[in-house]
Amino acid sequence: MIDLDKLLMQQPSFGFFARHLTYPDKLDFHPSLLEEAWDAGHPAYASIKRYWDSMHEFSLEQIEELYVQTFDFQKKTTLYMTYFKMEDSRERGQMLVRLKETYELFGLEIASSELSDYLPLMCEFLYAARWEGHRKEAKESLSLMLAVLEDGTYHLLKELDRLDSPYAGLIRALRDTLKMCTIQEAELG
């Protein structure tokens, strides 16, 4: 179950993830971005710091090449979160529609050419969405989104770890942040 208050508190982190999961730009690596989105006490900070430090060992051109090689040319490291489990099945199409409906419920129209399970888009939505006054709908819709993220990032992280990619730290931090935003069964008890 999702904790909407914790999710709201993590919005700066989701903005950071959205920026770092899109094609790299020099400004993405400005020190102020790290400072604005993270504090040393955050459970995902160690993973983010590892990612941040390793990326600063590369030139922007090398980071661009790494991004393209990692996310554009390998099926196992795709940024489309339902692809790992469903590939191009009918069930995936239905899930994409449900995710698109979640975006629309909170006022985000996505281009018809854009797939709703694209990880940077999902992170950007979690960063920008406002669900005040719509808590019931938000719990339901965002729980589905977090489940898709949990499943997709699990498979993505496994492959990034296997490749020893610096992006593994970023995805690990995303998973840790998602975990913070869920109410575990023991907490419900």
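Which residue just after H9 takes a positive phi?

## H9 and what follows it

That residue is Asp 164, with a phi of about 55°. Bear in mind that this is a predicted model, so the values here are computed from it.

H9 itself covers residues 135-162, which makes 28 residues.

## H2 and its two partners

Two packed helices are described by the angle between their axes and the distance between the axes. Start with H2 (residues 11-20) against H8 (residues 119-128): their axes come within 7 Å and cross at roughly 155°. That angle is over the 145 degrees cut-off, so H2 counts as roughly antiparallel to H8. On the H2 side, the contact is made by Gln 11, Pro 12, Phe 14, Gly 15, Phe 17 and Ala 18, and on the H8 side by Pro 120, Cys 123, Glu 124, Leu 126, Tyr 127 and Ala 128. The crossing is left-handed.

Now take H2 with H4 (residues 45-55). Here the axes come within 13 Å and cross at roughly 30°. With the cut-off for roughly parallel set at under 35 degrees, H2 is therefore roughly parallel to H4. This crossing is left-handed. Phe 16, Phe 17 and His 20 are the H2 residues that meet H4, where their counterparts are Ile 48, Tyr 51 and Trp 52. Phe 17 turns up in the H4 list and also in the H8 list.

## Thr 82, in a loop

Thr 82 belongs to the loop that links helix H5 (60-72) to helix H6 (83-86). Is Thr 82 buried or exposed? Its relative accessibility is 4%, so Thr 82 counts as buried; the cut-off for that is under 20%.

Its side chain makes a polar contact with the side chain of Arg 92, at 2.7 Å. Arg 92 also shows up among the residues that Thr 82 touches, once those up to four places away in sequence are set aside; the others are Glu 87, Met 95, Leu 96, Asp 117 and Val 148.

## Glu 64, in H5

Over in helix H5 you'll find Glu 64. With 21% relative accessibility, Glu 64 counts as partly exposed. Setting aside neighbours within four places in sequence, Glu 64 is in contact with Tyr 23 and Pro 24.

One more distance for Glu 64: its C-alpha atom and that of Thr 77 are separated by 16 Å, with the two residues 13 apart along the chain.

Note on methods
Residues numbered from 1 in each chain as written. Predicted model: local features only at pLDDT ≥ 70, side-chain atom pairs only at ≥ 80, totals over all residues. Heavy atoms only, no water. Helix = DSSP H or I, 4+ residues; strand = E, 2+ residues; numbered from the N terminus. Buried < 20%, exposed > 50% of the residue type's maximum accessible area, 1.4 Å probe, protein only. Polar contact = N/O pair within 3.5 Å; in protein donor to acceptor, adjacent residues only side chain to side chain. Contact = heavy atoms within 4.5 Å. Expected span 1.5 Å × (residues − 1). Axes fitted to C-alpha atoms, helices over the stretch in contact; angles between N-to-C directions. Parallel < 35°, antiparallel > 145°, perpendicular 65-115°, else oblique. Left-handed = near helix turned anticlockwise from the far one by under 90°.
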